[in-house]
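User: Hello! I am new to this structure and would like a guided tour. Could you show it to me first?

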Amino acid sequence: MTEEQQLQAIKDFSYQKMKKDTSGHNFDHIQRVVKTAKRLLNEEPANKLITLAAAYLHDVADDKLVSDPKELDLEIQKFLQTLGLTSDQIEKILFITRNLSFSKSLENRQKLSLEGQIVQDADRLDAIGAIGITRAIYYGGKHAETIYDPDILPRKNLNKAEYRNLSNETIINHFYEKLLKLTDMMNTPTAKKIAQARHQYMIDFLKEFKNEWNAER
Ligand code: ADP
Ligand code: NI
């Protein structure tokens, strides 16, 4: 199999796994992450197959999306073996998919490879800006979060369990608890640059939201 054929098969596998998601992690999210990862690959000396495979697979075994992440992790491993990837390549891809997420970084932060840093940046860029705003509202709606309550203050120094506990969460607080922090957390210079404008867009959105809430306009 050529690398192109391997990537096509990985894309098809990801599509089958992600197409039914209704929490903002649908295959369109995956395609945007892949597209951004390609853009970042142009600027960084990283391995293309590892980066794009991890981009396609990064949410397939996510513990908030599937009931048994370990089972999916094993399924990915077996699937990659059938494509003839080496065990070294498979290990590198799985290390990324296991350690990429924001929630993972709250409990045990692992140093990612350059390929992992690129996929993490691409995933984080999709969580901010206009698309990030839409996804937060979509996710918050699905989990019956309150939209906004000025009396509920954003939580600080969250661990993973607290981050996933949505009982006192508001959609607007999610911006302060996570989304506005992502720009400073970008790994690559190109992602940092792209993040600036998206960050400002969220600041403007929050300002306008609060103005309207307080009926000042
Ligand atoms: P990761 O997969 O990196 O751990 P998350 O699960 O935190 O990322 O987030 C995935 C998407 O869901 C992001 O777009 C994020 O903003 C959104 N999201 C996560 N938690 C919340 C929340 N409590 N309220 C609103 N949106 C959320
Ligand atoms: Ni993702």
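Analyst: Gladly, and one term comes first: buried means under 20% relative accessible area, exposed over 50%, and partly exposed in between, with a 1.4 Å probe and protein chains only. This is a predicted model, in which local features need pLDDT of at least 70, side-chain atom pairs count only at pLDDT 80 or more, and totals for chains, interfaces and linings use all residues. Residues are numbered from 1 along each chain as its sequence is written, chains are lettered from A and ligands numbered from 1 in the order in which they are written, and side-chain values use heavy atoms, leaving out hydrogens and water.

User: Is Asn157 buried or exposed?

Analyst: Asn157 lies in the loop between α8 and α9; helices are DSSP runs (H or I, at least four residues) and strands likewise (E, at least two), numbered from the N terminus. Its phi is near 45 degrees, a positive value in a residue other than glycine. Because its relative accessibility is 76%, Asn157 counts as exposed.

User: Which protein residues are donors of the nickel ion (ligand 2)?

Analyst: Donors are N, O and S atoms within 2.8 Å of the metal (3.2 Å for Na, K and Ca), and water is not among the atoms, so sites may look incomplete. Here the donors lie 2.1 to 2.3 Å from the nickel ion. They are His29 (NE2), His58 (NE2), Asp59 (OD) and Asp123 (OD).

User: How many of the ten residues of α3 are buried?

Analyst: The buried residues of α3 include Leu49, Leu52 and Tyr56. Their cover includes α1 (3–18), α2 (27–41), α4, α5 (87–99) and α7, where contact means heavy atoms within 4.5 Å. Helix α3 is largely enclosed by the rest of the structure, because its buried residues number nine of the ten.

User: At roughly what angle do the axes of α3 and α7 cross?

Analyst: Ile50, Thr51, Ala54 and Ala55 in α3 meet Glu115, Ile118 and Val119 in α7. Axes are lines fitted to C-alpha atoms, for helices over the stretch in contact, with angles running from 0 to 180 degrees between N-to-C directions. The axes of α3 and α7 come within 9 Å and cross at roughly 40 degrees.
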